[in-house]
Amino acid sequence: MKSNEIASGILKAVAAVSGFLLLLFLIYELQSIVAYLVISGVVALIGRPIVLFLKQHFRLPNIMAVILTMLLLTALFGGIIVLIVPLLTEQGKNLYLFDFGVIQAEFDKLYVIVSEYFGTTKKVVEDLVQNAALDENAVKGLSKDLVPSFFKSILEVLDIIGIGIFSVLFISFFFLKDSKIIQRSILASVPDNHRMKTMRSIAKIKNLLSRYFVGLLFQLFILFSLYAVTLILVGLENAILIAFMCALFNVIPYLGPMIGAIIMVMFTVTSNPELDFSTMILPKVGYVLLGVTIGQLIDNFFSQPIIFSNSVKSHPLEIFLVILCAGLLFGIVGMMVAVPGYTVIKVILKQFVSKNKIVTALTRGL
């Protein structure tokens, strides 16, 4: 091999690596825009069957079908927000006014009972507290400020979501209206010898992502049903709405279920402050945690393996590592888009780099 060919190969490799790193940097810097595009794509996938139904059964023009679909989806999501925001606001007021000293006193009594049962002396407890250097005033201040700060963070997130809603709706509208134009634009930018592979990739990606999101809706429905039954059994007001809200958090892998569990426990504790904590509220919290545990066991050992293994053809361990890396790089947004994004990358690699051994191993069965 000639020296100029070697140099040319090295330059191409360096250019490819540099381009890939630049792409990652741009995605990291523009992750909010990437998130809008991904969410808009999801909305378009959900709305596309509605558009086709309106066009086929009511003979509506494409633009009219898209407008009606967007109005329907906007009304649906808007109704969810209208139901959830007042509930959060009212619960935030209840939490702010709640006397956490009562809970602390009840836990102190419970701790004394447990300590006496296991033979722990008061001196041992005092030594543990002193060694841990716990400041009593700081703990009280933390218990007083923790809940308002938590709900303040939720409201800030809701503000960010509100700002992004317009962008998502705008992008989704054109994704639905000009889906063929977008596909033709992609094909126009691809060399002629790669057009067939690109078309196969687009078709495969649509199929896999549609199956993934249908599976995800099924997963959320299972969790919603279990949460709703649990909260109804413990006698919580607005049980259906709270269960729906907490089930939606499950779209955030691993972190979302914990957020949902914390919210359900908080609602359970503060919804009936007149009840005795140790004999009435604490057992209800235990039932709620039991329901959450059962839901997560079903989700982890039944729902997720079906969704990840059958819909996107990926091993659960493989998905876990992808979500972990995406979370470290791009935060919560990265965790939410990790599986669809990874699926798109796998399909593209299988079509264009199918001879690579690593790609062959990762895309087996795809």
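These are legends for a handful of close-up views of a predicted model.

**View 1. S172 and the residues around it.**
S172 is part of helix α6, which runs over residues 136–177. With a relative accessible area of 0%, S172 counts as buried, because anything under 20% falls in that class. So what does S172 touch, leaving out residues up to four places away in sequence? Its contacts are S40, V43 and M70.

**View 2. M266 in helix α10.**
Look for M266 in helix α10, residues 255–271. M266 comes out at 16% relative accessible area, so this residue is buried too. V285 sits 19 residues away from M266 along the chain, and the two C-alpha atoms are 8.8 Å apart.

**View 3. Two cysteines, C246 and C325.**
C246 is buried, at 2% relative accessibility. C325, on the other hand, is partly exposed, with a relative accessible area of 46%. How many disulfides does the structure hold? The count is 0.

**View 4. Two annotated spans, end to end.**
The unreviewed UniProt entry carries the annotation "transmembrane region" for several stretches, including residues 209–234 and 281–299. For residues 209–234, the end C-alpha atoms lie 37 Å apart, and the span is 96% helix and 0% strand. Residues 281–299 are 100% helix and 0% strand, with 27 Å between the end C-alpha atoms.

**View 5. Other stretches with that annotation.**

Notes: Residues numbered from 1 in each chain as written. Predicted model: local features only at pLDDT ≥ 70, side-chain atom pairs only at ≥ 80, totals over all residues. Heavy atoms only, no water. Helix = DSSP H or I, 4+ residues; strand = E, 2+ residues; numbered from the N terminus. Buried < 20%, exposed > 50% of the residue type's maximum accessible area, 1.4 Å probe, protein only. Contact = heavy atoms within 4.5 Å. Disulfide = S-S within 2.5 Å. UniProt positions renumbered as here; feature names shortened; annotations may be inferred.
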